[in-house]
Amino acid sequence: ILPEIDDEWAEEASEFETVAALRHDLAQRAASTRAVQAQMAVRQGTAEALAALVDEEPPEAMVQGELQQRLQDLAMRLDAQGMDMEQYLAATGGDIEQLMAELREAGEGAARIDLALRAIAEAEQVEVDDDELTAELEAISRRVGQDLDEVEATHRESDQIGAVRSDLRKNKALEWLVDQVTVVDEDGEPIDPELVVPPPPDETDDETDETEQDDEAGATE
């Protein structure tokens with residue numbers, strides 16, 4: 001038996017005092033989630049289209065590096081779920097040869113994207129300054145729960161500062177490319193870029209306040 005959807009229920013079941021405010025929050029969350037998913041899809045689609053433009057075969061060392069990284073990521077995810085590779089293959093109905101072929105294909109695509117982004121960064125003179133590098137190291141320190149100095153020292157000792165800077169440079173190149181492309185739908189019609197931008201929180205908060213004020217005014221009348 002479902003409860004009656006009224007303001008009393010909204011106040012008991014959520015942080016909001018009215019159903020209108022709760023509905024507005026749910027709508028905003030859904031819109032923001034879809035916008036983020038759309039942004040990710042645009043980046044992924046742009047990267048895949050970019051990879052298709054690379055005619056040269058990527059170096060085998062790059063492909064193997066990408067393959068091993070994907071294999072390691074899969075193993076870590078399975079371990080977090082209490083599964084091993086044998087159980088995973090049994091559950092998916094696949095075999096190790098098929099899995100390795102799929103991972104290699106993905107690795108080849110990633111290597112092509114890597115090469116293309118390096119070329120774009122070089123052509124467009126995309127650079128990463130020290131402030132951007134420090135900001136990325138700070139983000140890493142927050143993720144791993146370590147001090148910035150400790151993270152920076154670890155990366156310098158393992159000679160990974162250059163790799164972090166290179167990844168940032170490629171990300172900036174991809175961001176530049178995304179800004180240049182035109183996103184189209186299945187029929188080839190351009191899609192308004194604003195559709196994939198989440199609504200600003202301050203504007204939606206103002207709208208919520210205005211809605212509640214209107215409801216209160218209507219109730220008073």
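**Figure 1. The second largest pocket of the predicted model.** The second largest pocket has a volume of about 440 Å³. A pocket is here an open set of points, on a 1 Å grid over the protein atoms alone, where a 1.4 Å probe fits, with protein on both sides within 12 Å along at least five of seven lines; lining residues have an atom within 4 Å of a point. Grid points are joined across faces, edges and corners, and a volume is the space filled by probe spheres set on the points. The lining comprises 17 residues, of which Val42, Val178, Val181, Val183 and Val196 lie nearest the centre of the pocket. Helix H2 makes the largest contribution, eight residues, and H2 and H8 each supply at least two. By class, the lining divides into eleven nonpolar, four polar and two charged residues; Ala, Val, Leu, Ile, Met, Phe, Trp, Tyr, Cys and Pro count as nonpolar, Asp, Glu, Lys and Arg as charged, and the others, Gly among them, as polar. This is a predicted model, in which local features need pLDDT of at least 70 and side-chain atom pairs count only at pLDDT 80 or more, whereas totals for chains, interfaces and linings use all residues. Residues are numbered from 1 along each chain as its sequence is written, and side-chain values use heavy atoms, with hydrogens and water left out.

**Figure 2. The largest pocket.** The largest pocket has a volume of about 720 Å³. Its lining holds 21 residues, and the closest to the pocket centre are Glu66, Arg70, Ala110, Ile113 and Leu117. H2, helix H3 (60–80), H5 and H8 each supply at least two lining residues, and H5 gives the most, with seven. The lining has eight nonpolar, four polar and nine charged residues.

**Figure 3. Helix H8 and its surroundings.** Helix H8 covers residues 161–180, and its 20 residues reach 29 Å from the first C-alpha to the last, close to the 28 Å expected at 1.5 Å a residue. The expected span is 1.5 Å times one less than the number of residues in the helix. Ile161, Val164, Leu168, Lys170, Ala173, Leu174 and Leu177 of H8 are buried. Buried means under 20% relative accessible area, exposed over 50%, and partly exposed in between (1.4 Å probe, protein chains only). The cover over the buried residues of H8 includes helix H2 (19–51), helix H5 (96–123), helix H6 (130–144) and helix H7 (148–157). Contact, the basis for this cover, means heavy atoms within 4.5 Å.

**Figure 4. Asp114 of helix H5.** Asp114 is located in helix H5. This aspartate counts as buried because its relative accessibility is 9%. Leaving aside residues up to four places away in sequence, Asp114 touches Met62 and Lys170. Lys170 is itself among the buried residues of H8.

**Figure 5. Helix H6.** The 15 residues of H6 should span 21 Å at 1.5 Å a residue, and the end C-alpha atoms of H6 are 21 Å apart, which agrees. Leu133, Leu137, Ala139, Ile140 and Ser141 of H6 are buried. H7 and H8 are included in what covers these residues.

**Figure 6. Loop residues with positive phi.** Gln125 is found in the loop between H5 and H6. Its phi is near 55°, a positive value in a residue other than glycine, and Gln125 is exposed, with a relative accessible area of 66%. Asp159 lies in the loop between H7 and H8. Although Asp159 is not a glycine, its phi is positive, about 60°; Asp159 is exposed, with a relative accessible area of 64%.

**Figure 7. Thr18 and Glu8.** Thr18 is found in the loop between helix H1 (7–13) and H2. With 22% relative accessibility, Thr18 counts as partly exposed. The C-alpha atoms of Thr18 and Glu8 are separated by 7.4 Å, the two residues being ten apart along the chain.

**Figure 8. The whole protein.** The protein has nine helices and zero strands; helices (H or I, at least four residues) and strands (E, at least two) are DSSP runs, numbered from the N terminus. Of its 221 residues, 23% count as buried. Among contacts between residues at least 6 apart in sequence, 67% join residues at least 24 apart. The protein exposes about 15600 Å², of which carbon and sulfur atoms supply 49%. Accessible areas come from the Shrake-Rupley method with a 1.4 Å probe; for residues, only the protein chains shown count as cover.
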